[in-house]
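Look over the sequence and the model first, then read on.

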Amino acid sequence: MNQPKRYLITSALTYANGPLHIGHLAGANLTADIFARTMRNLGKEVLYVGGSDEHGAAITIKALKEGLTPRQIIDKYHAQFEEAFRRIGISFDIYHRTSEPIHHQTSQDFFRTLYRKGEFIEKETEQFYDPKAKMFLADRYIKGTCPKCGYEAAYGDQCEKCGSDLSPTELINPVSTLTGEKPVLRKTKHWYFPLNKHEVWLRQWINEGILDGKKVHDPRTWKNHVIGQCNSWLNEGLQARAMTRDLDWGVDVPPEIPGAEGKKLYVWMDAPIGYISASKQWAIDHGKSWERFWKDEGTALIHFIGKDNIVFHAIIFPALLKAEGSFILPANVPANQFLNLEGDKISTSRNWAIWLNDYLESMPGKEDVLRFYLTRIMPEQRDSEFTWKGYQEANETELVNNLGNFINRVLVLVNKYYGGEVPDFDPNVQLTSSAGEDQISFQDAELLLVFDKLQEMVNAIRRFEFRAALRTLMEISSMGNQFLQFNAPWQAYKTQPELAAAVLNTGIQIVTALSVAMEPFMPFSSAKLREMLRLPAVAGRGELQDILDALAEGRLLLEPGHQIGPARHLFERIPDEVIEAQRAKLVKTAPAQAAEYPPLKPQIQYDDFARLDVRTGTIVKAEKMKKADKLLVLEVDLGFERRTIVSGIAQQFKPEEIIGRRVLVLVNLAPRKLRGVESNGMILMAEDGEGRLHFVSADTDDGWPVS
RNA sequence: GGCGUGGUAGCUCAGCUGGUUAGAGCGCAGGAUUCAUAAUCCUGAGGUCGAGAGUUCAAGUCUCUCCCACGCUACCA
C-alpha cells in the first residue's frame, strides 16, 4: 500500500461526567499520541484531534444529583480533561468540546445533508409525555392497569402478572412513575438511519478494504477483534437506528425541519462529528484547510478507541460519512482492549481506578514513567493489567537500569575524558560489535545496526504495535550497554585512546538517536536528554526522518567537537514506601447508587396484602435453564405438593449450592412460561445494598402460610 | 444461548501464509566487570504451547468437540 500523504488522527471523545483515569490513556489517548508524535517526527502532515463529549442524559442526571447545571458540570470536566491531557503530554493539535457553537452547527449541517438526500426514514409515533417533568417517558416509566388481566401495576412494556407484552397506550389509567402525574399522549417524530441499507458495502469494505470498487485499505492491517466484532454485528443483521431523541441537553435538530421542536440529535449524530468540528476550529485557528484532511484521498483517517467503541467507529460512523457523500472513511480503527487494575476491572462507580489528576499531583515528574509502563502493558490484543509492583519494576529494570544507565554511562565518560566534547575518532579503528563479543566491527557498521532497529520500531508503530515498538527502542539501549561492555572504553582510555574515542563517539551517536526515538513514548525525558546534549527539543518536524536519513548515508548525528552538558539522571528509583502509599489509596467502595434505598411504594390496604399467599418450602431440585444465563429451574417441595418454579438467580447461585434451602414462596402467582418452561410461583429474595440476593426462610414445616 | 477475541516458561508477552533441538524481557542460579543510580555483560536451569480427538510426511500454527477469561448480543429484573 502507498504511504499516506497525511494523517488525521482521532482519540475517542471523553465523556464529561467523571474524572480521567489510566484506562482512558491506555485505550484511546496514549496510543494516538504516540502514533501522532511518530508521524510528525517522520515529517508527515498530521492533524490530531480530541475533545470532550458533553451531551446526553447522563450529564443531566449528574447535574441534578450535584445540584448544578449541566453547563457547570461540563465546564468543570472539560477544563479538568484539557489540563490533565496537557500535563501527561498528549499532543492534541486541538482539544475541542461538543458544546461549542461550531459543533452544533457542524452536526446540524451534517444532519441537514442526510435529510435532504433522503437518507433518513421518518417515523411518527404517539408517546406519553409527562407535563410536570416536561419530558417524554420511556415505556418502563409508565404504570397502569393491565387491559388483559386487570393487574393494577403493569409496566408500559409488560404486565408482570400475566406476562403479556404491552404497549403503554394500552394501559388503563396510565401514571408516570417519575411524578405520579397522568401522562398525556403526544405525537413525536423521529428520524431513523436505515443501517441495513448499508450492509452490503460495509461488509466488503471491512473484510476486503474495497469501497466502490477501489482498494482503500488493507484489512490485514486491521486487528482481528475489530473485524470479528464488526462481522458479528453484520451477521446479526443491521437495524435502522434512531438518530434523534426527545432530550433536553444536546444539539437541536435543525429547526427548519418540520417536527424538530424539542428534538435533539442522538449521540451518533453528535459525538463522532465532534472530530469534524474540532478539525474546523483548528483550521480557523491556524488558517488551514480542514477539508484537506477529511475529503482528500491522500489522508489516512485513524480512529483510536477502546473496544467498547468498535461498532460505533467501524460501522455506524463510516456509514454516516458514506451517506453524506463527501468524506473519506477511516483507514483503520485500532481499538485496544481493556486495562484492569490490581486484579479487578477499572470502575469509576466503585472508585477502583488510578485517577490521572491524583497521579499527576502525587507523582510529580513521573509522567513518562506512567506513559512508559502503560505502553509496555498496553492491552493491544487482549485485556491486560496494571499493578503498582509492575510499574515499580518496569521503572527500575528498564528505565533506570537499562535506558537511563546507558545514557548516563556515555555522558559521564564523555564529560570525564573529553571535557564534554564529542571526541573525534579514526573510522578505521576496529571495534567489538554489540552483536557479539567475538565480532569485529567499525563505527559505521555499528550505527547501521541502530538504523535497522529504528526502522523496526517505526514499522511496528505503523502496524499499531506499540508494545513491540517500545521493546525495540529498549533493545537499542541494550545494544548500547553491550557495546560499552565489550569495548570497555574505561580501560581502553589508558591503553588504546583511539579505541576509547571511537567507542564513545559511537556511544554519543546512539544516545542522540535515542533522544529522538524515545520522544513519542517519553516526551519529557526526551526534552531533558536533548537539553543535556545541548540540542533543541524534538518538535515534531521530521527529526526522526532526518536521523534515519543521516544513518543511512553514513553521516554522524552529532559532530566531533560538539559540546554537551553535564550528565544528570534521567530516571530514578521509586522507593517501596511510595509504591505502597499509592497502592493503599486503592479502596473499593460500593457504587453510590446502590447505597440509596429504593423509594417506598404507594400505600395498599390489608386486602391487597391478604391476596398474596406465601408459603414455606424447600428446594429439592435445581438446574440451569438451557439457553439462558440468569435462569434456574427449581423444584420446590411445599409439603402438600411439588412445584416447578423458574427463578432469575443463576448469576448468584449455583444449582448444587441451593438444594435443600428453605425458602418462602409466593404460591398464588399466575403461572408464566419463561423460555418454554412453566413457572408456578415465585421465590422471595431479599436484596442488599450491593445488589446481592439472599434467601428468606422460616423454621416451620413446609407448606404453612406466612402472613 | 448465539457471536467475537484470547488462553504459550513463576510473571509479562513474541511466534507471519503448518517445516530443523518453541523465543524475548523480568525473576532465579553461577561467573565476569567497575564508566554507571549495587547499575552492566556472559552462561545456565525452567514449557507434554488450556483439554481431548482429527487432517498431514510434518501442527503452538489447520479442522472438530469441550473447558476457562473478557466483550457484544439475546433472554432475564
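Which residues form one aromatic cluster? Tyr7, Phe35, Phe304, Phe464 and Phe466 do. This is a predicted model: local features need pLDDT of at least 70, side-chain atom pairs count only at pLDDT 80 or more, and totals for chains, interfaces and linings use all residues. Residues are numbered from 1 along each chain as its sequence is written, chains are lettered from A and ligands numbered from 1 in the order in which they are written, and side-chain values use heavy atoms, leaving out hydrogens and water.

**Aromatic pairs**
- Rings of Phe, Tyr and Trp (its six-membered ring) pair if their centres lie within 6.5 Å; planes under 30 degrees apart count as stacked, over 60 as edge-to-face and the rest as tilted.
- The count by this rule is 32 aromatic pairs.
- Phenylalanine 85 and phenylalanine 92 have ring centres 5.4 Å apart and planes at 80 degrees, so they pair edge-to-face.
- Both phenylalanine 85 and phenylalanine 92 are buried (under 20% relative accessible area; exposed is over 50%, partly exposed in between; 1.4 Å probe, protein chains only).
- Tryptophan 205 and tryptophan 222 are also edge-to-face, because their planes stand at 85 degrees, with centres 5.6 Å apart.
- Tryptophan 205 and tryptophan 222 are both buried.

**Charges over rings**
- A charge sits over a ring if NZ of Lys or CZ of Arg is within 6 Å of the ring centre and within 35 degrees of the ring normal.
- Arginine 245 places its charged end over the ring of tyrosine 266, 3.8 Å from the centre.
- Lysine 307 lies over the face of phenylalanine 338, 4.8 Å from the ring centre.
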